[in-house]
Structures are given as C-alpha cells and as structure tokens.
Amino acid sequence: METKWLEDFVSLAETRSFSRSAQLRHVTQPAFSRRIQALEAWAGTDLVDRSSYPTRLTPAGETLYGQSLEMLQALQSTRAMLRGHTSAGQDVIEFAVPHTLAFTFFPAWLSGLRDKFGPIKSRLIALNVHDAVVRLVEGGCDLLIAYHHPSLPFQLDADRYEMVSLGEEVIAPYCRPDAQGQPLFPLPGQASQPLPYLGYAPGAYLGLVVDFMLKQASTPIHLDRVYETDIAEGLKAMALEGHGLAFLPHSAVRNELQAGKLVCAAPAGLKGMQITMDVRAYREKPAAREAHKGAPHRTAATPKRTAQALWDYLQVQPLTGQGAGASPSA
C-alpha cells in the first residue's frame, strides 16, 4: 500500500468526484481510478459506492476515511520531526522543481539570479509535477517553479498562493538532420507512413501540453509513438540518436541546434507546431502559511528571511527570459 493511495482516497471522499479529484491530484482520471482500485484491492472490500451519483463512500470507506486522516497526519508529523534534524538552514532556499525544468531552466536562471540579486544558497528538489505541487502544499519547500499553460492550469487557491512569472519557454518538434542538414523526420508525415514519435509518458505535464497542441493543429499530423519517457532530456537523447522526433523545450536543445546536431522538424509553412508556456514561481502567502501551520500535512511555519527577500525581488524585477528560450518560428 502506498501513502499516495490514501491521499487520493481522502481527496475523493472530500470532492465526491473522480474527475475533480484526478484534476486536483494532477493525474489522468484513468490513473486515479486505478489507484483507488488498488487501495480497494489492498483493503479487500469496496470503499466507493459506484452505483450512486455523486460518488458516495461505502460504510467501509467512511471508516477508512477517518483512519486515513489520522494516519496521514501522524506520518506528516513524524516526517516533520525527522526533517527537523536535517532541514536546510534559514539561509538556504529550497526549490521544488519538475525534472525537465531542473535540467533546462533552473541552472541558467540561477546564474542570472546570482548576477542581479546576489549569491544565494539553494537546495533543488527534483520531482514530477504532481509531487512538486504537493511539496508546496505540504510546506516542504520555499518556492515551486513550474510551467503554466492556460489549457492546463494548476488548481491552487489564489487566496492562499501567489505567483510571479520568471519567463517563457517554447515547445517545438526537433529531430536529427540528414546529410544535407534537413530534418530526417519532417512534419506533418503521411497517413501511410507516420513519423516515429518520441513522446512523453501518459500523465506527464509536457505530454498533456503537446497533446493539446496537436489537437489544435490545422493540418493532420501523422505520428507513430515508438518510445516514451517522463523527462525531456531522455527524449532529447533518443532524438540525437536518430530514433524519431520529439517536442522539446527550446532551452533543452539550444546547444544542439547551434551545433547542428538537431533541427526543427516543422517546415516554415506548417503553422501551429510550437506552443509557448510561462515559467512561474509559486509560494504560499505568509498569512495563509500562518493560518495553516497546524493543519494536517503541514511541515513549515513562517517564510525564511532569504526566501522572503528573493520573493520581494522577483515581484519587482522578474527575470523575464532568464534561462528560457525562444524557438525558431514554425
């Protein structure tokens, strides 16, 4: 049994909606349903009455709901005590960052930050998008840095959390060039001969953004998914070896484009094959943090002085474009 199953179940008990809870937990609805089913298999009984709408818990589910709240609170309290032995000092800013941004955005952004704001001590916690958001909600980091696109907004309470834009990132298709410097796998492909596609794993945030872009395309795009992984760097490595085309952040491929190792797979006349996203920093508002410091899952109290100083600076002088990159028009 995994603790995230209990967290999923608590969310379902509170929303009474599989689709809403899947959205809040940043997973697809099929994946969320499978995790609830896995919890029921572990419990050996039905926890959800699926014959009613809205969703209702069975008597066993009601019992587990109360027990889950107690277990999760006990686990979080224990973790808070353990983290107290090794927690970062007041001068260390802890960032929760999805894996792709940890590789592509954070290093260059931090360099620009040190040049303008001054030297800082930092700790990067690289996670998937869902766990990074949970880290912020549970008070396990000072700042969350994440992508944002209007089609896939985070469900964060605006009364409790605030954000600042750090720049923009462009996602576009790239592949290895042929001997003449032209893309090996030029879009849009043909129905009879689809192009080998290196895709993000189901549920990955960038994968959902790419799926949205492909659905909006005015020209049919013919792709054959031959490989998938959660991380853009893994897709880039496969594209460099000539295994197919991948939709990648421009900041991840800037050096390879300059060296001629990768090229854009979309010809100039093919529109709609790139999408621009914000890169944002989020934090919990100090007043909200104080109000929730005794609640279940909480592990942090007041913001650190260095984290507060950085936030004040970002609000006045956001580092627009630092660490991010603009893709060639496609």
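Mentor: In this predicted model, 42 residues line the largest pocket, and those nearest its centre are His-26, Val-27, Val-129, His-130 and Gly-203. The elements that each give two or more residues to this lining are H1, H2 (18-24), H3 (29-43), H4 (59-86), H5 (99-104), H7 (129-137) and H8. Helix H7 supplies the largest share, five residues. The volume of the largest pocket is about 1100 Å³.

Helix H1 covers residues 3-15, 13 residues in total, and spans 19 Å between its first and last C-alpha, close to the 18 Å expected at 1.5 Å a residue. Its buried residues are Trp-5, Leu-6, Glu-7, Asp-8, Phe-9, Val-10, Ser-11, Leu-12 and Ala-13. After H1 comes Arg-16, which has a positive phi, near 60°.

Strands E7 (residues 195-200) and E8 (residues 223-229) run parallel and are joined by six bridges. Between E7 and E8 the chain passes through H8 (residues 205-216), in a right-handed β-α-β crossover. Within this pairing, Gly-199 is opposite Glu-228 of E8.

Strand E7 also pairs with E9, in the parallel sense, over two bridges. Here Leu-198 stands opposite Ala-246 in E9. Strand E9 in turn pairs with E6 (residues 161-175) in the antiparallel sense, over four bridges, and Ile-171 has Pro-249 of E9 as its bridge partner.

E9 (residues 245-249) is mostly covered, with five of its five residues buried. Leu-245, Phe-247 and Pro-249 point one way from the strand, while Ala-246 and Leu-248 point the other way; all are buried.

That leaves the cysteines. The structure has zero disulfides. Which cysteine sulfur is closest to that of Cys-175? It belongs to Cys-264, and because the two sulfurs are 8.3 Å apart, they are too far from each other for a bond. A pair would have to lie within 2.5 Å to count as a disulfide. The relation holds from the other end as well, since the closest cysteine sulfur to that of Cys-264 is in Cys-175. Both residues are covered: Cys-175 is buried at a relative accessible area of 0%, and Cys-264 also counts as buried, at 18% relative accessibility. The value for Cys-264 falls under the 20% limit for a buried residue.

Terms used
Residues numbered from 1 in each chain as written. Predicted model: local features only at pLDDT ≥ 70, side-chain atom pairs only at ≥ 80, totals over all residues. Heavy atoms only, no water. Pairing = 2+ DSSP bridges. Right-handed = clockwise from strand over helix to strand, strands pointing away. Buried < 20%, exposed > 50% of the residue type's maximum accessible area, 1.4 Å probe, protein only. Expected span 1.5 Å × (residues − 1). 1 Å grid on protein atoms, 1.4 Å probe; cavity = no way out; pocket = protein on both sides within 12 Å on 5 of 7 lines; lining within 4 Å. Points joined across faces, edges and corners; volume = space filled by probe spheres on them.
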